[in-house]
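Welcome! Please open the structure in your viewer and get ready to select a few residues as we go.

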Amino acid sequence: ARAIEFVYPNPNAKDGFFAAVLENGKSVLITEVEKYKSNLTPSNRMLMEHLNVGSMIVIPLQSLKNKFGVLVVVRDNGDAVLTQTEVSLVENIGSIFSLYFENALNLENESKLRHIFQKYVPRQVLDTIVDSHYLSTGTLQPQKRKIVSFFADLRGFTAATENIPAEQVFELVNIYCNFLTEKLAKHGAIIDNIIGDQIVCFFSQKNPADAAYVQNSFLALTEMIGEIAKFQNEMVQKGYPALRFGIGIHLGEASVGSVGTDDKMNFTALGSTVNLASRLQAVCKKYPDGEVVACLSKAYI
């Protein structure tokens, strides 16, 4: 029989036979049950007596990164003693279970990441990317696509935040970002970047016959305009002035894909279409009277 070593990284946190096997990461065959009972905690000793254990195999279920638990195979007292051959068989079964648990954990993590990513890339757009040849080389390969480039900027932000604490500055920006990005993501926008109080996004054509992306961008815009009073009321309730924002929109072709380094990548759109939308947003500053000022290019209209 293989000896059981009661070695713990933290004896106060880990106290028990099964914990020892899992921490050690080694399979254990117990044939001399009475001898090993003396090493156990009272609760584990009672468990073995209750199960009438004559011999027992304990297999740690683990991967290189994670420990999931133990697999226990028991033979009653009076039956044939478990052997090392059976240990190998149970270890193979344990490996299958461990692989299953690792895959399940990876799927759970992927689901969480997907949920987070969907805050920036809506589900329907994310599904299109995953199903496309973007992933053929493990990166999001660039493509030429028609897009609606969308820039939004908060008016009076600098003056409103000049003399308030940092946490209030971020609260103000978050109110504004939540208001806009909720509507943008709802209608299929890809949030490209948030730079201070400026939100950069785009609506991308999925295929040559797709025209819905233009309509979706217009729906997002009209919803923002329709709910501006709600946005301003929330700001006033928080003690901020009822700030306005300007929007620049242009429709055209752009290069869409990944840009950055191995440490930091961004899925973005590049080209004159994006540059013009940015300039249109800047033109909005010449029209300070509207609660929402939107400068739309002729191509978009």
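This tour visits some strands and then some aromatic rings.

Keep in mind as you look that this is a predicted model.

**Stop 1: strand β7 and its partners**

Start by selecting residues 245-260, which make up strand β7. To see one place where they face each other, pick aspartate 153 and glycine 246: the glycine, in β7, stands opposite the aspartate.

Next, show residues 265-270, strand β8. Strand β8 runs antiparallel to β7 and is joined to it by 6 bridges. Follow the chain from one to the other and you will trace a hairpin, with 4 residues between the two strands. Serine 255 and leucine 270, the latter in β8, stand opposite each other here.

Which way does strand β9 (residues 292-296) run relative to β7? Select it and take a look: the two are parallel, joined by 5 bridges. Alanine 294 in β9 is found opposite isoleucine 247.

**Stop 2: aromatic rings**

Now turn on the side chains. The model has 10 aromatic pairs. One of them is formed by tyrosine 176 and phenylalanine 245, a tilted pair whose centres are 6.1 Å apart, with 55° between the planes. The tyrosine lies in helix α7 (residues 166-186) and the phenylalanine in strand β7, so this pair ties together parts that are 69 residues apart in sequence. Are these two residues buried or exposed? Both tyrosine 176 and phenylalanine 245 are buried.

Note on methods
Residues numbered from 1 in each chain as written. Predicted model: local features only at pLDDT ≥ 70, side-chain atom pairs only at ≥ 80, totals over all residues. Heavy atoms only, no water. Pairing = 2+ DSSP bridges. Phe/Tyr/Trp six-rings, centres within 6.5 Å; stacked < 30°, edge-to-face > 60°. Buried < 20%, exposed > 50% of the residue type's maximum accessible area, 1.4 Å probe, protein only.
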